[in-house]
Amino acid sequence: MTAPPRAAPESVAGWGRVPVRPGRVARPERLLLPPGEGIVLPRGLGRAYGDAAVPAREDTLVLATPRADRILDWDPVSGRLTAEAGLSFAEILRLFLPRGWFPPVTPGTKFVTLGGCVASDVHGKNHHRDGSFGGFVERLGLLTANGREIVCGPDLDRDLFLATIGGMGLTGLITEVTLRLRPVETGWIAMETEAVANLERMVEALAASREAWPYTVGWIDCLAAGPALGRGVLMRGRHATRAEVPTGDPRARRALRVPGDAPEWLLSPGAMRAFNGLYYWMKAGRRGGTDGPHRSVVSYESFFYPLDMITDWNRLYGRRGFLQFQCVVPREAGLAAMRELLERIARAGAASFLAVIKDCGPAGPAPLSFPMEGVTLGLDLPHRGPATVELVHALNAVVIAAGGRIYLAKDAVTRPEDFARMMPRLPEWRAVRDHWDPAHRFRSAQSVRLHLTGEPPPARGS
Amino acid sequence: MKAAFVGATRGIGKALARRMAERADALFLLGRDATALTVAARDLEARGARAPVRLGPLDLGDPTGFAAALDAADAALGRFDTLVVTGGLFASQDELAADPAQLQRLLDANFTGTALLCQLAAARLAERGGGIVCAFSSVAGDRARRANYLYGASKAGLSAFLDGLGLAYGDRDVRVVCVKPGFVRTEMTAGLPEPPFAGEADEVAARALRAMDTGRPVVYAPPIWRLIMAVIRALPRPIMRRLRF
């Protein structure tokens, strides 16, 4: 019963469905580094869009963690939770929200594992106030390349801890995570939505909501051009109190399924434009334009995880898949850079449903962590071949010029030299990683593409 | 429920124990690996099982320890009213055919051990007014196939035993549930070619728990396997000889 996990050859892709690479996938209940294995790639629920959890080589052992999901310790007084890395946010919410606890930071899907949240140092709608996920992690259990079990934290093997936060699983196999959940009165969100006429107003509105609202985000129609560039809907929310809400917890809704790969015409620029226009009209136009916020109380699911209601929504992009683009640029450069990005996207007619805009608070201490003080923009780009890839490179150039960076959990195509320009602390991270994994056993298609790993290993030190 | 549980540390057993924990059942965990049992106990407590979840040693291959294990369950739970056995061994036909010692261990655990344990528990439950005995057999026991008749035989014996146990103890309010999972995606089946209608551990657990609550004697999970096995059972032997699976 305790034999090493069996690995079967499989095709592996990220959530964007491109690229697809063969690997050997094991889904063990106990997280071990099987002796005799060479290249290893930890993988959670596969929600990273690009190639972060896609194997670089066919002989890679892809260690999928979701079956290793035991709760190791729970303190109902402080909300301190220790669990195996494969435990998902969906399960944490199902178990602990009825008892009044919520993840301190959540990305836009609950189908993520604790290990994945650490590896990507995920952020959420409360970044301006609370920072990224790594700031709430107290301890990590890690199996390093030489088979050692390491426990690290902000005050314990701090270099390794920080290199692992946002380290894309390249410092070792994350086996256990300790974090503190946030006490909440209800699973409902008191929300305000407000139509915003253009980009400048959107950035202003996000800034104006920073102090009073723990959660803020803007949705923008990135196909609108000219004076309407950046028009959209601002949403802000906070956990509702018991007095404000319907009795009982929000019921988990049944997800819809996408029955198959969507046809190409659904993703044509015309169809996208129609959809985005309709969305804006529904959220804003119907209520008479931009004359003040609309208040409501909604379930945490519809506020934080609207896309989770459609299982396999990535199939809407058809067989060719899609690229996600998410960047953050410093506040000073923010408005001009955002305008240029949106103009380029609008000109290319390349964007899809909606783009998300959000202001970020100060960067955390981890060298590869994505968020930094400024404005972040994220959107899907249906994959139409080399032109789409070229568009991402062009967008990256704008980001670099503005002093910003892109989010590895979304990326599939960025060039290594561009990434190095975006991440001034990359040498620092490399030095720590090379100490713990000198042979670069932990490797993904992404890490090879970005020259984060390679043969022979890059020179030691920074 | 107050359940003595063999096999709660992995796979379908883990999923079933978690479902019982979430409805605040009391659990006593039995198994060979004390470390795995301890971690499972903490996991189940965090999910809502009546705390503390205690544990004791049990090896399905060693019946001499069964009475003591059930005594320990009685002591911890204040008399258990349910026995669940999801534990068991699995190996491929090739491994079992090549290694008689491994084959014997599998037959001992899956049939002899499980039958002796269930028999012992049923007798105790009958004395105290009834209860539930739920054990996991397999669709592999419904008809021998060339590709897995060794494992299948251990489960065929178990299915027949459980059927009889339910008949024999039914009038003393001991309800016996035989769960027959089809192909379920777990660590046990990792790397095996996946047939159509493969199921997930949690859906099998949900059906098993419903069967325990209603006292349904035989439950297939996923349910489509009842139909599949009806067809396979009806195939004439000359056809079975030609099939490769």
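Two residues are taken to be in contact if their C-beta atoms, placed from the backbone, lie within 7 Å. In this predicted model, such contacts link F66(B), A67(B) and L70(B) in helix 3 of chain B with L116(B), L117(B), L120(B), A121(B) and R124(B) in helix 5 of chain B. By class, the contact of these two helices has 7 nonpolar residues, no polar residues and 1 charged residue.

Two packed helices are described by the angle between their axes and the distance between the axes. For helix 3 (residues 66–77) and helix 5 (residues 100–127) of chain B, the axes come within 10 Å and cross at roughly 45°, and the two helices are therefore oblique to each other. The crossing of helix 3 and helix 5 of chain B is right-handed.

Chain B also holds an open sheet of 7 strands, which follow the order 3-2-1-4-5-6-9 with parallel pairing. Strand 3 (54–57) and strand 9 (218–221) of chain B stand at the edges and have a single partner strand each, so one side of each is left without a neighbour in the sheet. From one strand to the next, the twist averages 20°. At the edge formed by strand 9 of chain B, 4 bridges join this strand to strand 6 (residues 174–181) of chain B, the two running parallel, and C178(B) stands opposite V218(B) in strand 9. Helix 2 (residues 34–46) of chain B packs on the sheet, where it touches strand 2 (26–31) and strand 3 of chain B, and its direction makes about 165° with that of strand 2.

Between the chains, the contact takes 16 residues from chain A and 10 residues from chain B; the side contributed by chain B has 4 nonpolar, 1 polar and 5 charged residues.

Methods. Residues are numbered from 1 along each chain as its sequence is written. Chains are lettered from A and ligands numbered from 1 in the order in which they are written. This is a predicted model: local features need pLDDT of at least 70, side-chain atom pairs count only at pLDDT 80 or more; totals for chains, interfaces and linings use all residues. Ala, Val, Leu, Ile, Met, Phe, Trp, Tyr, Cys and Pro count as nonpolar, Asp, Glu, Lys and Arg as charged, and the others, Gly among them, as polar. Axes are lines fitted to C-alpha atoms, for helices over the stretch in contact, and angles run from 0 to 180 degrees between N-to-C directions. Angles under 35 degrees count as roughly parallel, over 145 as roughly antiparallel, 65 to 115 as roughly perpendicular and the rest as oblique. A crossing is left-handed if the near helix is turned anticlockwise from the far one by less than a right angle, and right-handed if clockwise. Two strands pair if DSSP finds at least two bridges between them.
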